[in-house]
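Please read them with the coordinates open.

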Amino acid sequence: MRRTLGMLLLAVALLPFVASCGGGDPVVIATTGDYQPFNFINDEGAIDGFERELGDELCRRAGLTCEWVLHDWEALIPDLGAERFDVILAGMSTTAEREALIDFTGPYYPPRPSVYLARAGAGEEALGGRLGVTEYTIYSDYLEEQGVAYVPLAGAVDAAGAVLAGEVDAVLVDHGYAVAKLAEHAGRLEAVGPQVRLDRGLGMGVRAGSELLDAFNEALEQMRADGTLNALIRRWLGDDAATFE
């Protein structure tokens, strides 16, 4: 996805690291733990998901020791700049607005149009009902620019779950999240309405000028070239997920 730059001045305390990997100088990776299957907290209380496994493998290939922390979404970009951690790996979409503040690696999930999800059988009429999007995201920004009213969903609220619970009639979400939820709730959800291109894929965020940019880009290129990134995407997001050619 995912969220935009809202509430940049909000600062939250950095939680203690919960895991480490690799060797060399420590690099602290921040995520939110609330965006399954990209990142979430598993039954053992550890950070898990596609991005956790991806980040561990990138650190291994780059020869880095990496520590994971949980952080509030709205403070990720300002607190990266304040050197409270070194990397953002949290389903963050690459946009020109964000690139004015931080650097992004190449995409680890390819750019694809965002989609609307609704309950199966609802059809495009769902878009005329209660439309929900997560607050402070590229989706809430987009709907505000279009003058479309929406129901704000807190970051910890699962958008697909809000549809299934009847809290909203449709949600606007990123491609990777959509295909994962369509597979998870097969026969209960459907994609409706137009697709909307809002970003250039999901990337890792680092401070402007950071040497980590080249290190992670090189490791990402290795994973694309040997097929392990595509395999990881399919394993976590399903066979309908976008992959790299």
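**Notes on the predicted model**

1. Leu 80 is placed in helix 2 (residues 76-81); helices here are DSSP runs of H or I with at least four residues, strands are runs of E with at least two, and both are numbered from the N terminus. Leu 80 counts as buried at 0% relative accessibility, where buried means under 20% relative accessible area, exposed over 50% and partly exposed in between, with a 1.4 Å probe and protein chains only. Not counting residues up to four places away in sequence, Leu 80 touches Phe 85, Asp 86, Val 87, Ile 88, Ile 102, Gly 205, Val 206 and Arg 207; contact means heavy atoms within 4.5 Å.

2. Residues are numbered from 1 along each chain as its sequence is written, and side-chain values use heavy atoms, with hydrogens and water left out.

3. The chain as a whole has 8 helices and 14 strands. Of its 245 residues, 51% count as buried. Among contacts in the chain with a separation of 6 or more, 76% come from residues 24 or more positions apart.

4. Five strands make an open sheet of mixed pairing, in the order 11-10-12-9-13; two strands pair if DSSP finds at least two bridges between them. Strand 11 (151-153) and strand 13 (189-196) are at the edges with a single partner strand each, so one side of each has no neighbour in the sheet. From one strand to the next the twist averages 30°. Within the sheet, strand 10 (residues 131-134) and strand 12 (residues 170-173) are paired in the parallel sense over 2 bridges, and Gly 132 stands opposite Val 171 in strand 12.

5. Two helices contact this sheet. Helix 4 (residues 138-146) packs on it and touches strand 9 (114-119), strand 10, strand 12 and strand 13. The direction of helix 4 makes about 135° with that of strand 10; axes are lines fitted to C-alpha atoms, for helices over the stretch in contact, and angles run from 0 to 180 degrees between N-to-C directions. Helix 6 (residues 175-184) lies across strand 9, strand 12 and strand 13, at about 30° to strand 9.

6. A second open sheet has 3 strands in the order 3-4-5, with antiparallel pairing. Its edge strands, strand 3 (34-35) and strand 5 (47-48), each pair on one side only. Strand 4 (residues 39-41) pairs with strand 5 over 2 bridges, and Ile 41 stands opposite Ile 47 in strand 5.

7. Strand 2 (residues 26-31) and strand 6 run parallel and pair over 6 bridges, with Ala 30 opposite Val 69 in strand 6. In strand 6 (residues 65-70), 5 of the 6 residues are buried, so this strand is largely enclosed by the rest of the structure.

8. How do helix 7 and helix 8 pack, and at what angle? Helix 7 (residues 212-226) and helix 8 (residues 228-237) meet at about 80°, with their axes 4 Å apart. They are therefore roughly perpendicular to each other, a term for angles of 65 to 115 degrees, with under 35 roughly parallel, over 145 roughly antiparallel and the rest oblique. Leu 220, Met 223, Arg 224 and Asp 226 of helix 7 make the contact with Thr 228, Leu 229 and Leu 232 of helix 8.

9. Arg 224 lies in helix 7. Beyond its neighbours within four places in sequence, Arg 224 is in contact with Gly 106, Pro 107, Leu 229 and Phe 244.

10. Thr 94 lies in the loop between strand 7 (87-88) and helix 3 (96-99) and is buried, at a relative accessible area of 6%. Leaving out residues up to four places away in sequence, Thr 94 touches Glu 99, Phe 104, Asp 199, Arg 200, Gly 201, Leu 202 and Gly 203.

Notes
This is a predicted model: local features need pLDDT of at least 70, side-chain atom pairs count only at pLDDT 80 or more; totals for chains, interfaces and linings use all residues.
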